Amino acid sequence: MRLGWLDWALVLFNAALVLTLVGSGRPRLWRRLRRFVSLLVQAAGVLAVTWFVVTAAAASAARAGQSGILTPADTALISRAPEIVLRSALELSLLTLALAAGTAALAGLGGAIAAVSLRRRRLVLLSPLATLLWVAPTFLIALLVQELQADIFGVTGLRVAAGFGEVNALQIFWVAFILAVRPTAYFFQSARAALDLDTATEYVRTARAKGLSWEEVVRRHVARANAALLVTAWLNAFRTMTGSAPLVEFLFGYPGLGRVLILALGLTYAGGAGPVHPDVAIGLVASLALILILIEAALGYLEQLLDPRLRVLPVGA
Amino acid sequence: MRRQLRLRVSLLVAGALTLFGAIATLLLIGQMQAAQWSRDIWIEGVKPGTHDFVTPPFPLFTYAQVFHTNGVPGGVHYFLLGSDCGGRDLLGLIGRGALPSLELVALVVIVRSLVGVIAGFLMASGVAGVRLLSRGMGRWVAGFPYLALAIIVIQALSPTPAQRTPLAFAVGMALVGWRDVAEVTAGVVERVRLQPYSEAALALGSRGVTYFRRHVLPHLRPALAAELPFQASSVLVLVGELGFLQVFLGGAGILLQVAGAGGGAGPPSTFCVLAPHPDLGELLSPARYYIQQAWWTPVLVPALVIALLALGFELLGYAMRLRDEARLWR
């Protein structure tokens, strides 16, 4: 028997219930289990809510009828078996998300450490630039990048853009780049603010008095002390990235989770309503949500490892 | 330090007001324009006194004698911000489309604030079950990719462009953003509850609305005032993002066959979709089509208007936040 999405939600919820019963009355065991239980409940909730909303969307679309036409490429993309559609979209999206998340982490944190430790007058400009990039909508950044690609081609004849819907290294680079711009700016700002705040504290003054250079103080002391805050900031940046993935993928025709999700929900490039594929849509939303939940859980654990103060707080506090 | 903060607040407010003033002037000019320039379809134009023909979409600052689809001259017009693929003046379209979009933004911000404040109070409530449930709900919502969740809810409530209602948008867009307001509210309420004056007030029997009005509201007001411009900015950007993904308020458009060229690299003859009364989001919906033709003006202009309006709200939000900080310094 093949389990449906709601069945999976119930399975996860029941598993959480069983673990809660097992852990009740055993505080030491419960301390280890509670994070896992919380994760299971969250995943079950996401599956159930997604199932409910997508089923309602599909029913209401069926009542309204179809008015839009899918392009042959879109039809080929969405009409395969749901498992295959899910797997290929997931692989492609994970690749760009990983690249973008890595870029955001390296560039954002590197920039923040450089800005705080080097304390050069010129680096002051990084902050307003980051604010401007963070405020700029993703679609505007994507549009400007595409215009730049066209201009480069127009002036030099050099093809720096991949074709619409193509999957190659160039396309992956641009999609990842656009996905990374705003999260990098956000992470840089948050990291710089956190590091800046600590530079006036007594332990920093003590380290300086002991003869450590400013760069060493920032790298060895300030960055470590703020590691938990940095992890939270990176998580928020990642959340923004995942949220805007459908937009970027749709604009570049990149067949990842975002673009396939849009097609599965019956949205077409021409604006009319296309056929809704509830199974694919639920799978895609659940996959995106589960990626977020798992990363959030992993980072929550990492935060506790990095910040001893958090270890004594109860879950959810 | 206080003087520095005040100077920064003044600069930010001045920046925001300058932006809002400039955009409001543009929108007003667009609204005051004769309706025909943003309603009628112009098949081509000639620059007066020359034999230079221009085909839509007209670029920025185009001054041209334009012609109806049947070849009848329609008069001379200055297309300050260019036109869409049907030759309709973008300034007029944006001027008329901005109003419903801003109304929608206001509606969503109100709904988000109401839901967020209630949820924030529940999150900060002393009852463990309520607290756990509301925090859990917040975590569930945060677990969803915001754009996907907004689209699914809007699709569920109004599946086709012709059926879309502001209510569906308000529900879909409020669902993804209330958590920030709730976190701010919960933070303020928790902070106030821990203060000695608050404990004293509770011990003296102050409860319900009186307690809220006297002790919580004075602290909540500035915190929410700082949060609301950020909410307005994020909702406005969300309107644009949804528009890109073909989820917009204005209703279905009409298909128009147009001659290519237009300064782009498009095919000789092509189709474009023209919405009769587009809002800011719907103006961005043919983006994919315009990009393929390398026609940048009709998509970049509304995108920039949204971005500048959002920037104005963000500047205002930063100013409010700094003012709040300055207040705490006192």
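Predicted model: local features only at pLDDT ≥ 70, side-chain atom pairs only at ≥ 80, totals over all residues.
Let me begin with one pair in chain A, where the side chains of Arg259(A) and Asp74(A) meet in a salt bridge at 2.3 Å, N to O, a salt bridge being a side-chain nitrogen of Lys or Arg within 4 Å of a carboxyl oxygen of Asp or Glu. Arg259(A) belongs to helix α11 (residues 257-264) of chain A and Asp74(A) to helix α3 (residues 72-78) of chain A, so that the pair, 185 residues apart, links distant parts of the chain; helices here are DSSP runs of H or I with at least four residues, strands are runs of E with at least two, and both are numbered from the N terminus.

Residues are numbered from 1 along each chain as its sequence is written, chains are lettered from A and ligands numbered from 1 in the order in which they are written, and side-chain values use heavy atoms, with hydrogens and water left out.

Over all chains, the search finds 7 salt bridges, yet the count between chain B and chain A is 0.

In terms of contact, meaning heavy atoms within 4.5 Å, 44 residues of chain B touch 55 residues of chain A. On the side of chain B that touches chain A, α12(B) gives the most, with 10 residues.

Turning to helix packing within chain A, the axes of α4 (residues 82-118) and α12 (residues 278-306) come within 10 Å and cross at roughly 35°, with axes being lines fitted to C-alpha atoms, for helices over the stretch in contact, and angles running from 0 to 180 degrees between N-to-C directions. Among the residues that meet there are Leu86(A) and Leu90(A) in α4(A), and Gly283(A) and Ile291(A) in α12(A).

Finally, in chain B, a cis peptide bond joins Pro56(B) and Pro57(B), with omega about 0°. Pro57(B) is placed in the loop between β2 (53-54) and β3 (62-67) of chain B, and Phe61(B) lies in the loop between β2 and β3 as well, with phi near 55°, a positive value in a residue other than glycine.
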